[in-house]
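Colleague: I am new to this structure and would like a close look at a single part. Please take me through the salt bridges and what surrounds them.

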Amino acid sequence: MPAPALNFPSLTLPRHPLWLGAYETACQLLDAQVARIQHAPLSAWQTCWLALGLRYPSRGDLIPSLLDGFYSQQSADGRIPRALDDDAAQATCPPLFAWVEWETYQAFGDRARLPRVLPRLVRFFDWLARA
């Protein structure tokens, strides 16, 4: 099995080889998603789960641009699209972004980011409350 490109933490689980195999597969899937970003737009779900996964190889540098791509498409009324392609532009996503921002903050402590994204998240939650 090839080593993950993102440099995930190593695990030693001699009593649970299936767990180790599952971990290595998850790392490979995350690697594949990172590679896919350059070729195809991700949905909000994919983006949020990818951002959460990127905490483990300490790739917090990739997370803001993933999330900011969605924030840049936020409508004036606060809606954030479900995907960045034309087919899903009018659909919306569940409120995962606030959770991902908080988890990312806890992992990397970027205090400058929270004041920039909080107004967008509040507008999104207000939109959800009205929808």
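Modeller: A search of the whole structure finds 4 salt bridges. One caution before the details: this is a predicted model.

R113 lies in helix α5. Its relative accessible area is 5%. The cut-off for buried is under 20%, so R113 counts as buried.

Which side chain meets R113 at 2.8 Å, N to O? The side chain of D68 does, in a salt bridge. D68 lies in helix α3 and R113 in helix α5, so this pair ties together parts that are 45 residues apart in sequence. D68 is partly exposed, with a relative accessible area of 32%. R113, again, is buried.

R113 has another charged partner, E101. The side chains of E101 and R113 meet in a salt bridge at 2.9 Å, N to O. Here E101 belongs to helix α4 and R113 to helix α5, so the pair ties together parts that are 12 residues apart in sequence. Is this pair buried or exposed? Both E101 and R113 are buried.

Now put the two bridges together. As a general point, side chains of opposite charge can pair when their charged atoms come close.

What else touches R113, leaving aside its neighbours within four places in sequence? The contacts are P64, L67, D68, Y71 and E101.

Helix α5 runs over residues 113-130 and has 18 residues. At 1.5 Å a residue, α5 should span 26 Å. Its end C-alpha atoms are 26 Å apart, which agrees. The buried residues of α5 are R113, V117, L121, F124 and W127. What covers them includes α3 (63-71) and α4 (97-108). D68 lies in α3, and E101 lies in α4.

For contrast, look at another salt bridge. The side chains of D61 and R59 meet at 2.8 Å, N to O. D61 is exposed, with a relative accessible area of 53%. R59 counts as partly exposed, at 27% relative accessibility.

What covers the buried residues of α2 includes α1, α3 and α4. In α2, 7 of the 10 residues are buried, so this helix is largely enclosed by the rest of the structure. The buried residues are A44, T47, C48, L50, A51, L52 and G53.

Last, follow α2 to the largest pocket. Both α1 (17-36) and α2 (44-53) supply at least two residues each to its lining. The volume of this pocket is about 210 Å³. Its lining consists of F8, Y23, A26, C27, L30, Q33, Q46, W49, L50, L52, G53 and Y56. How many of the lining residues are nonpolar, polar and charged? By class there are 9 nonpolar, 3 polar and no charged residues. L50, L52 and G53 are part of this lining, and they are also among the buried residues of α2.

R113 sits in α5 and is buried, at 5% relative accessible area.

Note on methods: Residues numbered from 1 in each chain as written. Predicted model: local features only at pLDDT ≥ 70, side-chain atom pairs only at ≥ 80, totals over all residues. Heavy atoms only, no water. 1 Å grid on protein atoms, 1.4 Å probe; cavity = no way out; pocket = protein on both sides within 12 Å on 5 of 7 lines; lining within 4 Å. Points joined across faces, edges and corners; volume = space filled by probe spheres on them. Helix = DSSP H or I, 4+ residues; strand = E, 2+ residues; numbered from the N terminus. Nonpolar A, V, L, I, M, F, W, Y, C, P; charged D, E, K, R; others polar. Expected span 1.5 Å × (residues − 1). Buried < 20%, exposed > 50% of the residue type's maximum accessible area, 1.4 Å probe, protein only. Contact = heavy atoms within 4.5 Å.
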